[in-house]
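Here is a short walk through some charged pairs and a greasy patch. Take a look at the model before reading on.

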Amino acid sequence: MRLRTKWILLGLLAALCAFEGAANFIPEKAREASFWPDKVMRLGLDLRGGIHIVIGPDLDVAIKQELTAIGGSLERKLADDNVSGVQYVVEPKRLLVKPATAKDRDAAQAVLDEYGTIETSGSGDYDIEVTLTSSWVTEVRNRAMLQALEVLRRRIDDPATGIPESVVTRQGPDRILVQIPGMSRVPDIFRQTGFLEFKIVQDYALTEELLRAKHAAGLPAGTVIAPQLEKGTEKVLGVYLLPEGADMKGDELEDARVTFDGTRNERQVTFVWTADGGRAFGGVTEKNIGRQLAILLDGNVYSAPEIRSRIAREGVITGNFTTEEANDLAVILRAGALPIPIVIEEERTIGPALGADSIRSGIQASLLGLALGVLFLVIYYRVSGLYASVALAMNMLLVVGV
């Protein structure tokens, strides 16, 4: 290969490396709107700054949920055996089964003996105290941690609003560490459990006092009061009388997207059910045309539209959202509900000052090393040293470009 051709190839390779490296210094929006490469060096929390969060899932709730599930299973099995009159009291670490007679107690004990994950003991005349074995407590807590970790990862890796540089990892047996570069506030996707419910409204009033006044003899059995709060001010816009149990839950949601309602001039979140969820939701709405359907997230009413016709696959959540709030809600619904509540135990905003100093020192050291290396190679090896110097410079540019 001729010497001139070698120099041309080396020059082209050096220009390519410089082009790739220079893209790191171009803002993201400018790269997207121009010819610059989109893939650049990803800076972590130490170099770019951002948020460091330590999250503590409430694992005791997972234990209570397990005991509730056992109580429900026991109730169904006893009902199949025509055993009624048994009461169930779920406490944070135990389930208290309260049969009415000794015969009912023996029937309940026979069913409980089939479980390999519980321990039972007598309590009172006929009462049975149910607790989880220590090995199963460990399993339930670990399972809840893994589920919470997976949901948080899906939320932060969401294709629409995800942050690919972020880190979500387990820290010890009962903590989750989240690091988000380039942000100054904790997104709402980490503050909400994401438990979505749909309930048919039984009654409505502007305040809880007015609602209770309408039911002077007491609220109907099996009902609860849920408020609707104004965004930002937490002002109560109204209170709803709702059934304790949900008519539909968000388990069967397939997708959720932010849309814009031109008629009302506001953003809304459109959700889509799976095939099974759509059939169930269609049945609920068809039976309750003309009534209000309250849409609740984590126990708070977001909206309560009137059902005007049967709704199957798609529905809409309104609530005077900002763009950010609507995006966060859509991410939460797409990623799924957390199995247990979470608490942000530590929140720190980290600046990039230390990382900037490290980058500056690294660049200075690299340039000085390159200059000394080139000087030595040229003096000692002359023309061969010049070739080696060009190769060394291209390698350094390539590293920057990657």
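Is Lys214 buried, exposed or partly exposed? Lys214 is partly exposed, because its relative accessible area is 47% (buried means under 20% relative accessible area, exposed over 50%, partly exposed in between, with a 1.4 Å probe and protein chains only). Bear in mind that this is a predicted model, where local features need pLDDT of at least 70 and side-chain atom pairs count only at pLDDT 80 or more, while totals for chains, interfaces and linings use all residues. Residues are numbered from 1 along each chain as its sequence is written, and side-chain values use heavy atoms, with hydrogens and water left out.

**Salt bridges**

A search of the whole structure turns up 16 salt bridges, each being a side-chain nitrogen of Lys or Arg within 4 Å of a carboxyl oxygen of Asp or Glu. Here are some of them, with the N to O distance for each pair.

| Asp127 | Lys98 | 3.0 Å |

Start with Asp127 and Lys98, which form a salt bridge. This pair links distant parts of the chain, 29 residues apart: Asp127 sits in strand β5 (residues 127-132) and Lys98 in strand β3 (residues 95-98). Strands (E, at least two residues) and helices (H or I, at least four) are DSSP runs, numbered from the N terminus. Asp127 is buried at 16% relative accessible area, whereas Lys98 is partly exposed at 27%.

Glu345 belongs to strand β18 (residues 342-350) and Arg175 to strand β7 (residues 175-181), so the pair ties together parts that are 170 residues apart in sequence. Glu345 is partly exposed, with 44% relative accessible area, and Arg175 is partly exposed too, with 25%.

Asp203 counts as buried, because its relative accessibility is 18%. There's also a network: Glu91, Arg94 and Glu129 are joined by salt bridges that share partners.

**A nonpolar patch**

Ile8, Leu9 and Leu12 make a nonpolar surface patch of about 290 Å². Leu12 is part of helix α1 (residues 3-22), and Leu12 counts as exposed because its relative accessibility is 56%. Patches are made of residues with over 30% relative accessible area and no salt bridge; like charges are joined within 9 Å, and nonpolar side chains (Val, Leu, Ile, Met, Phe, Trp, Tyr) within 5 Å. The accessible areas come from the Shrake-Rupley method with a 1.4 Å probe, and for residues only the protein chains shown count as cover.
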